[in-house]
Amino acid sequence: MRYKVTFAVGLAVGYVLGTRAGRERYEELKKSAREFAQNPAVRNAAESAGHSGREFAGKAYAAVSDKVGGAMPAALAGRVRGLRARVGGGGAGEDEWGTSNT
């Protein structure tokens, strides 16, 4: 019986010390990740990648819609319109899809 109690106490102490050390490491990693994400170079790269991705998605949609015509689901068309609105596409001489009006 004595060995079982000793084992249980050792297990409890190990658990408490391990979780405390794990929590400290977790907080340290979280702080590092926050500092990395707030770095201006990282933020600019992420913004640029997002902008390029939205632009590419709009171009891909235009290419696919030319091939399939009216078979494009309305839900997909609405999502691409939303992407175009975020990018700010559609300048002078272009319709809402970024294609020429002529």
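Student: Where do lysine 59 and glutamate 55 lie, and how far apart are they?
Tutor: Both sit in helix H2, four residues apart, about one turn of the helix. Salt bridges with shared partners also tie Arg23, Glu27 and Lys30 into one network.

Student: What sort of model is this?
Tutor: This is a predicted model, where local features need pLDDT of at least 70 and side-chain atom pairs count only at pLDDT 80 or more, while totals for chains, interfaces and linings use all residues. Residues are numbered from 1 along each chain as its sequence is written, and side-chain values use heavy atoms, leaving out hydrogens and water.

Student: What makes lysine 59 and glutamate 55 a salt bridge?
Tutor: The rule asks for a side-chain nitrogen of Lys or Arg within 4 Å of a carboxyl oxygen of Asp or Glu. Here the N to O distance is 3.5 Å, so the pair passes.

Student: Is lysine 59 called buried or exposed, and why?
Tutor: Buried means under 20% relative accessible area, exposed means over 50%, and partly exposed is in between (1.4 Å probe, protein chains only). Lysine 59 has 54%, so it counts as exposed.

Student: How many salt bridges does the rule give?
Tutor: The count comes to four. One of them joins arginine 25 and glutamate 28, with the closest N and O atoms 2.7 Å apart. Those two are in helix H1, three residues apart, about one turn.

Student: How do you know what span to expect for H2?
Tutor: Take 1.5 Å times one less than the number of residues. H2 (residues 40-68) has 29 residues and reaches 42 Å from first C-alpha to last, close to the 42 Å expected.

Student: Which residues of H2 are buried?
Tutor: Gly58, Tyr61, Ala62 and Ser65. Of the protein's 102 residues, 9% count as buried.

Student: What makes Val9 part of a patch?
Tutor: Patch members have over 30% relative accessible area and no salt bridge; like charges are joined within 9 Å, and nonpolar side chains (Val, Leu, Ile, Met, Phe, Trp, Tyr) within 5 Å. Met1, Val5, Val9, Val13 and Leu17 form such a nonpolar patch on the surface, with about 520 Å² of accessible area together (Shrake-Rupley method, 1.4 Å probe). Valine 9 itself is in helix H1.

Student: Where is confidence lowest?
Tutor: In helix H3 (residues 74-87), with a mean pLDDT of 66, whereas helix H1 (residues 2-37) is highest at 86. pLDDT is the predictor's confidence in each residue, from 0 to 100. The protein averages 76, and 74% of the residues score at least 70. Where pLDDT is low, the predicted coordinates should not be read in detail.
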